[in-house]
Amino acid sequence: MRIGIAARLDIHKAIELTDDLTDFLIKNSVKVFLDPALVKKLNKYHDSAREIHDMDVDIIIAIGGDGTILRTQSFIDGKNIPIFGINMGTVGFLTEIGPEESFHALKEVLNGNYFIEERTRLEVWHNKDLAPALNEVVLMTRKPAKMLHLEIRVDDEIVEELRADGLIIATPSGSTAYAMSAGGPIVDPRVNAFIIVPICPFKLGSRPTVVSGESIISVKLLREGKKAIAVIDGQVEEEINYMEEVIFKKSDQHAYFVRLTKEFYKKVREKLIKGGIGLE
């Protein structure tokens, strides 16, 4: 097996865990490749340095939080390499396990006791194809406390014209991220759907909407003189001008994750408690 490793560089424990896991994998006859920034931090494994987008591996281990997962995914678009997430952040819905379980979990992976989960991504078009989103696309102004005036269409039917601080178009994976914080529903990742969530709408009747995953969603900026930005998974920004449209539909590119269990709802309960929301 060939395994790549990416990790947060600003968390010392993530760097330490990378070192320990690399040593463990090498001792188990695994060919390991490390992000060059990790090699520099560790000052060892120099022959294993490889840029993430150049890694030809069976699995990539991402050590960090959901942000680390999203950044790693952005580097491997089109390669269909599954990601195995180890959570060093706070909540981490996309990550599979905590650091204390990592060695046992990797033993299971090396023994073939795992499955690959496919997650839907969102294709984004604005004058050109942009990077696909795994979690969400957020439309907002660059200036705080300014509202956007937006027209939302689903399959050419007007759903809403609204004034709001912004708008979130999310996948089921993203339903447990920003969309949830903005009042959107939690959607099982097996559901073929997308979620449209207004951020602080001026009209109280503007509510989150779940639409078919086969739909085409378009959002137009209606207020002259106001620009918006579309932020894709917190990684990529695109400026949107007056009367321009952003179009969303299901991407042909999926994301893949190494999983040991299928307990989605158990994970949601545990993560929400850790995130500060107590559940009975």
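## Phenylalanine 264 and tyrosine 265

Tyrosine 265 has a relative accessible area of 48% and is therefore partly exposed. This value comes from a predicted model, as do the others in this report. Phenylalanine 264 counts as buried, because its relative accessibility is 17%, under the 20% limit for that class.

The rings of phenylalanine 264 and tyrosine 265 form a pair, with 5.0 Å between their centres. Their planes stand at 75°, so the arrangement is edge-to-face; an angle over 60 degrees is what that class requires.

## Phenylalanine 24 and phenylalanine 103

The structure holds 2 aromatic pairs. In the pair of phenylalanine 24 and phenylalanine 103, the ring centres are 5.5 Å apart and the planes meet at 90°, so this pair is edge-to-face. It links distant parts of the chain, since its two residues are 79 residues apart. Phenylalanine 24 belongs to helix α1, which covers residues 12-27, while phenylalanine 103 belongs to helix α4, covering residues 102-110.

Phenylalanine 24 is buried, because its relative accessibility is 14%. Phenylalanine 103 has a relative accessible area of 29%, so it is classed as partly exposed.

Technical notes: Residues are numbered from 1 along each chain as its sequence is written. This is a predicted model: local features need pLDDT of at least 70, side-chain atom pairs count only at pLDDT 80 or more; totals for chains, interfaces and linings use all residues. Side-chain values use heavy atoms; hydrogens and water are left out. Rings of Phe, Tyr and Trp (its six-membered ring) pair if their centres lie within 6.5 Å; planes under 30 degrees apart count as stacked, over 60 as edge-to-face and the rest as tilted. Helices (H or I, at least four residues) and strands (E, at least two) are DSSP runs, numbered from the N terminus. Buried means under 20% relative accessible area, exposed over 50%, partly exposed in between (1.4 Å probe, protein chains only).
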